[in-house]
Amino acid sequence: MSRSLLRNVSSTCFSHSLPENIRNPMRKLPIDADYLKTTLLELLAIPSPAGLTDEIVHYTCSKLDAMGVAYELTRRGTIRAILRRTLPERRRQSPACAIVAHLDTLGAMVREIKPNGRLSLMPIGTWSSRWAEGGRVTLFTENSRYRGSVLPLLASGHVYNEAVDSQPVSWDQLELRVDEHMQCADDAARLGIQVGDMVAFDPLPEWLDNGYIVSRYLDDKAGVAALLAALKAIADSGVPVPMDCHAVFTLTEEVGSGARAVIEDDVSEVIGVDIGPVAAGQGASERGVTIPLMDSAGPHDYHLTRRLLALCKEHGIQTNRDVFRFYHSDAGAAVSAGHDVRTALLCFGTDASHGYERTHISVLVNLAELLALYIQSGPTLAEDRQRRTDTVEGFPHQLNPEQLVRQDTPLPDAGELVRPTESRSQE
Ligand SMILES: [Zn+2]
């Protein structure tokens, strides 16, 4: 495309400052930090490894009932809460946005009942057995529950001496010791323990006065709590909602499928809410909101991510840019399921992800503030009101013409370079 042609194409998308019409009505809403913390603690109290999520669905629906937000349930219990738009739509069609957080956590399942009455485990979700070692757990049978500890096979230094320190790290090197008289497989049968029983690890939450929150399963219960706090702020304040917003609570993110089946046709943009792993070399932080521009599913939507960054800048919310190399989310699941949606991911920076995780209450409040702003902001691009268009008129740009100017580096004349010196001097 020539330079002059590019100059004739009109676009407002070279920068992602917010259009005047959506900037005006938005308010940075106060977030009830006590509500957020209480909700997070209650979510942590309800075990919800993927596959054992019915109870946390009941709890989450009760929170939506309490704030007067309507919702639908799929057969398996994925929740789609719906904030209806309150501003009249001036155009014939309006898209909806979806904000997705997951209720399921990591966990384990009984794989084998050993002759000595100990239980082999298979992990639910992807996590290192290193983090399971020493965990206190509840084993759920069909009709009862038992307590126990997950131990390495060589669990006593008095017996195995230094071999304890050189035991490999793997789920095959662990076993569950149930706190009952269990010396053989028959004892397990007597107690009703079977292959396929679910194991939930104690979250062990600890709230510190300085704002740090330490627990297993902040992924993604902290995200769920932040989303509920944002919905409550919207419901309590009565601010205008310019487009339908689906707050989706999924049940199988940790095992890969997540938001694949719950994004409706009218949704044009999907925002995942999840942990941002804090580690050396990462941009994620236990301060501010972390916005990854890419994860294992590829780059997130250019326009939506830049717009979220602009919203934060405009309203004084610290942001951390990052890319995640080994990371899947509900947003990526929606795209891989075939939905034509813009995606972004909003993260709360969390140290030691999928282990004893730590974040800070200020991060969760910032995240809820941003979600409440986003819900008030309307479609990222006005043209997204159409699912298909038969003209490129109005289609956005990512680069401005100056960025596309041809770099001309003319080569010297090779003939001139090799011509004998005397023939040059004769000219
Ligand atoms: Zn997660």
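The face of helix 3 turned away from its buried side carries three exposed residues, Asp-34, Thr-38 and Ala-45. Helices (DSSP runs of H or I, at least four residues) and strands (runs of E, at least two) are numbered from the N terminus. The model is a predicted one, in which local features need pLDDT of at least 70 and side-chain atom pairs count only at pLDDT 80 or more, while totals for chains, interfaces and linings use all residues. Residue numbers start from 1 along each chain as its sequence is written.

Which residues of helix 3 are buried? They are Leu-36, Thr-39, Leu-40, Leu-43 and Leu-44. Seen down the axis, these buried residues fall within an arc of 135 degrees, so they line one face of helix 3; the arc is that of the directions from the helix axis to the C-beta atoms. Helix 3 has 13 residues and reaches 18 Å from its first C-alpha to its last, close to the expected 18 Å, where the expected span is 1.5 Å times one less than the number of residues. The buried residues of helix 3 pack against helix 4, strand 11 (212–215), helix 8 and helix 11. Two residues count as being in contact if their C-beta atoms, placed from the backbone, lie within 7 Å.

At the contact, Ala-33, Leu-36 and Lys-37 in helix 3 meet Ile-361, Leu-364, Val-365 and Ala-368 in helix 11. By class, this contact has 6 nonpolar, no polar and 1 charged residues. In this scheme Ala, Val, Leu, Ile, Met, Phe, Trp, Tyr, Cys and Pro are nonpolar, Asp, Glu, Lys and Arg are charged, and the others, Gly among them, are polar.

Helix 4 (residues 54–67) can be described in a similar way. Its buried residues are Ile-56, Thr-60, Lys-63 and Leu-64. They cover an arc of only 95 degrees around the axis, which puts them on the same side of helix 4. On the other side, Asp-54, His-58, Ser-62, Asp-65 and Ala-66 are exposed. The buried residues of helix 4 pack against helix 3 (33–45), helix 8 (218–237), strand 1 (70–73), strand 2 (79–83) and strand 12 (245–250). After helix 4 comes Gly-68, whose phi is positive, near 75 degrees.

How many of the 20 residues of helix 8 are buried? The count is 17, so helix 8 is largely enclosed by the rest of the structure. Helix 8 reaches 27 Å from its first C-alpha to its last, close to the 28 Å expected. Val-224 is found in this helix and counts as buried because it has 23 C-beta neighbours inside 10 Å. Leaving aside its neighbours within four places in sequence, Val-224 is in contact with Leu-43, Ala-101, Leu-103 and Phe-249. Helix 8 also holds Asp-220, and the peptide bond from Asp-219 to Asp-220 is cis, with omega near 5 degrees. Helix 8 is followed by Gly-238, with a positive phi near 70 degrees.

Most residues other than glycine have a negative phi, and most peptide bonds are trans. Leu-204 is not a glycine, yet has a positive phi of about 55 degrees; this residue lies in the loop between strand 9 (198–201) and strand 10 (206–207). Ala-352 likewise has a positive phi, near 60 degrees, and sits in the loop between strand 17 (342–351) and strand 18 (357–360).

Finally, the protein chain as a whole comes to 13 helices and 18 strands. Buried residues make up 42% of its 427 residues.

Notes: Buried ≥ 20, exposed ≤ 12 C-beta atoms within 10 Å, placed from the backbone.
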